[in-house]
Amino acid sequence: MTATSVVDSATTKSATATCGAGLRALGGGGVATFVAGAGAPADLAIVRSEPTVDGSGNPNGWIVTANETDAIAGTWSVTAVALCATVA
């Protein structure tokens, strides 16, 4: 599963990829991507990448947060990826 934040010039963005019903997150990750304008890859940093959990404490997705390390004029987004599977 994947989820992508809005594309704009905000300094912090988060995205949460959620597993479907009956599935659990086995792992995940994310990427911050420039879309348009000025900036360099070093201007963005992933600052959070961890599983989300349901009310029973089971991992049911993945959340990723990224920040600008320097102010940039360009637009960018962050994408979260969750590896989901049925767990017996």
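Start with Ser77, which lies in strand β6. Strands here are DSSP runs of E, at least two residues long, and helices are runs of H or I, at least four residues long, both numbered from the N terminus. This is a predicted model: local features need pLDDT of at least 70, side-chain atom pairs count only at pLDDT 80 or more, and totals for chains, interfaces and linings use all residues. Residues are numbered from 1 along each chain as its sequence is written, and side-chain values use heavy atoms, with hydrogens and water left out.

**Stop 1**

Select Ser77. Is Ser77 buried or exposed? Ser77 counts as buried, because its relative accessibility is 6%. The scale is simple: buried means under 20% relative accessible area, exposed means over 50%, and partly exposed is in between (1.4 Å probe, protein chains only). Now show what Ser77 touches. A contact means heavy atoms within 4.5 Å. Leaving aside residues up to four places away in sequence, Ser77 touches Thr4, Ser5, Val6, Val7, Lys13, Val31, Ala32, Thr33 and Val35.

**Stop 2: the whole chain**

Zoom out. The protein has 0 helices and 6 strands. Along the sequence, the pattern reads β-β-β-β-β-β. The C-alpha atoms fill a box of roughly 50 × 15 × 15 Å, taken along the principal axes. There are 88 residues, and 30% of them count as buried. Consider the contacts with a separation of 6 or more: 67% of them come from residues 24 or more positions apart. The protein exposes about 4700 Å², with carbon and sulfur atoms supplying 57% of that area. Accessible areas come from the Shrake-Rupley method with a 1.4 Å probe; for residues, only the protein chains shown count as cover.

**Stop 3: the partners of β6**

Colour strand β6, residues 75-85. Two strands pair if DSSP finds at least two bridges between them. How many bridges join β3 to β6? There are 11, and the two strands run antiparallel. Next, select strand β1, residues 2-4. Strand β1 is joined to β6 by 3 bridges, again antiparallel. Ala3 stands opposite Ala80 in β6.

**Stop 4: β2, a strand with two faces**

Move to strand β2, residues 12-18. Its covered face holds Lys13, Ala15 and Ala17. Its uncovered face holds Thr12, Ser14, Thr16 and Thr18. Look for Lys13, which stands opposite Ala66 in β5.

**Stop 5: salt bridges**

Stay on Lys13. A salt bridge is a side-chain nitrogen of Lys or Arg within 4 Å of a carboxyl oxygen of Asp or Glu. By this rule there are 3 salt bridges. In one of them, the side chains of Lys13 and Asp8 meet at 2.9 Å, N to O. Lys13 is buried, because its relative accessible area is 5%. Asp8 counts as partly exposed, at 29% relative accessibility.

Now select Asp54 and Arg24. Their closest N and O atoms are 3.6 Å apart, and the two form a salt bridge. Asp54 lies in the loop between β4 (44-53) and β5, while Arg24 lies in strand β3, so the pair ties together parts that are 30 residues apart in sequence. Asp54 is partly exposed, with a relative accessible area of 24%. Arg24 is partly exposed too, at 25%.

Finish with Arg48 and Glu50, whose side chains meet in a salt bridge at 2.7 Å, N to O. Arg48 is partly exposed at 37%, and Glu50 is partly exposed at 33%.

**Stop 6: the disulfide**

Select Cys19 and Cys84. A disulfide is a pair of cysteine sulfur atoms within 2.5 Å. The structure holds 1 disulfide. It joins Cys19 and Cys84, with their sulfur atoms 2.1 Å apart. Why is this disulfide called left-handed? Because the torsion about the S-S bond of Cys19 and Cys84 is about -80°. Cys19 lies in the loop between β2 and β3 (24-36), and Cys84 in strand β6, so the pair ties together parts that are 65 residues apart in sequence. Cys19 counts as buried, at 9% relative accessibility.

**Stop 7: a nonpolar patch**

Which residues make the nonpolar patch? Leu26, Leu83 and Val87 make it, and the patch covers about 300 Å². Patches are made of residues with over 30% relative accessible area and no salt bridge: like charges are joined within 9 Å, nonpolar side chains (Val, Leu, Ile, Met, Phe, Trp, Tyr) within 5 Å. Leu83 is found in strand β6. Leu83 counts as exposed, because its relative accessibility is 53%.
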